[in-house]
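Please examine the sequence and the model shown below. The paragraphs that follow lead through the fold, its salt bridges and a nonpolar region.

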Amino acid sequence: MRYDRTAYDKCFSDFFEKFISAETLTVSNPCDRLHETYRYCIEKNLEKNKIYDIDLNELRKDVLNTKDDLLKELKGKLMDPSLMGSMSNAPILQETATDTRYNHLEQTLENFQENARQMGVIASDFSTRSQEPLNQKIHTLISGLHELDHLKNQFMDVKIPLELLEYLDQGKNPQLYTKECLERTLNKNKEMNGKIEMYKKFRAMLLKELGEEMPNDMVLYRNLRDRKDASPQHENCNEDASD
């Protein structure tokens with residue numbers, strides 16, 4: 001099969017300019033039919049000449065919209081009225097659905113990173129014959145961006161601390177952020193417990209000093225406090241009546 005690549009190159013170049021433009025919202029790729037023929041020719045060429053160490057079987061795998069179907073099926077089961085009576089299985093289904101969406105996102109990101117790495121390898125040793133596989137990788141990356149944009153609606157309820165992103169930018173393990181948060185919480189808890197203990201001691205010393213300076217008033221205060229503690233509901237009723 002012979003194929004003139006200029007037709008696809010022109011179609012893809014026009015589409016890519018619209019795709020990256022902020023003024024135009026492109027929802028579909030008009031070059032799909034040309035790309036199928038183009039991809040067939042590229043794969044035949046790679047199999048024949050062995051230009052790059054690329055696993056074609058890995059490239060042919062359908063990695064998009066596979067686990068998403070399972071997620072939709074699980075959501076359908078959760079919303080099925082016939083299953084509402086079986087509440088014992090609901091937590092398991094919800095947990096499975098949550099794990100599925102995160103696993104799907106992780107797999108999609110890993111595929112995107114791998115495609116970007118392969119494109120970098122091709123670009124670093126670019127030659128005339130590198131144009132075809134490079135265009136194919138760019139097309140795959142665009143499909144990956146579309147998939148990530150489609151997945152974003154499933155994670156609108158997820159809140160990520162900005163400090164965690166700073167850890168990732170610095171190349172640190174995100175588990176360190178969790179560890180430091182726990183350590184800060186523990187130190188804050190110790191600080192608050194210390195303040196509470198100091199206020200208790202201050203209260204005891206204040207009552208002692210007031211008892212020595214104003215013994216009669218302190219006896220009256222203690223009697224009023226004891227009566228209020230003994231019958232809080234009665235006191236509340238009296239306060240409501242006075243209001």
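Does Arg117 count as buried, partly exposed or exposed, and at what relative accessibility? Arg117 counts as partly exposed, at 47% relative accessibility. In these terms, buried means under 20% relative accessible area, exposed means over 50%, and partly exposed lies in between, with a 1.4 Å probe and protein chains only.

This is a predicted model, in which local features need pLDDT of at least 70 and side-chain atom pairs count only at pLDDT 80 or more, while totals for chains, interfaces and linings use all residues. Residues are numbered from 1 along each chain as its sequence is written, and side-chain values use heavy atoms, with hydrogens and water left out.

The protein contains 10 helices and zero strands. Along the sequence the pattern is therefore α-α-α-α-α-α-α-α-α-α, where helices (H or I, at least four residues) and strands (E, at least two) are DSSP runs numbered from the N terminus. Of the 243 residues, 20% count as buried. The C-alpha atoms of Tyr8 and Asn135 are separated by 9.7 Å, although the two residues are 127 apart along the chain.

A search of the whole structure finds four salt bridges, each being a side-chain nitrogen of Lys or Arg within 4 Å of a carboxyl oxygen of Asp or Glu. One of them joins Arg101 to Asp157, with the closest N and O atoms 3.3 Å apart. Arg101 belongs to helix 5 (residues 90–124) and Asp157 to the loop between helix 6 (131–151) and helix 7 (162–169), so the pair ties together parts that are 56 residues apart in sequence. Arg101 counts as buried at 14% relative accessibility, whereas Asp157 counts as exposed at 54%.

Another salt bridge is formed by the side chains of Glu114 and Arg117, at 2.6 Å from N to O. Glu114 and Arg117 are three residues apart in helix 5, and therefore about one helical turn separates them. Glu114 is partly exposed, at 31% relative accessibility. The side chains of Asp149 and Lys152 also meet in a salt bridge, at 3.2 Å from N to O. Asp149 is partly exposed with a relative accessible area of 44%, and Lys152 is partly exposed at 46%.

Ile160, Leu162, Leu165 and Leu168 form a nonpolar surface patch with about 390 Å² of accessible area together. Such a patch is made of residues with over 30% relative accessible area and no salt bridge, with nonpolar side chains (Val, Leu, Ile, Met, Phe, Trp, Tyr) joined within 5 Å and like charges within 9 Å. Accessible areas come from the Shrake-Rupley method with a 1.4 Å probe, and for residues only the protein chains shown count as cover.
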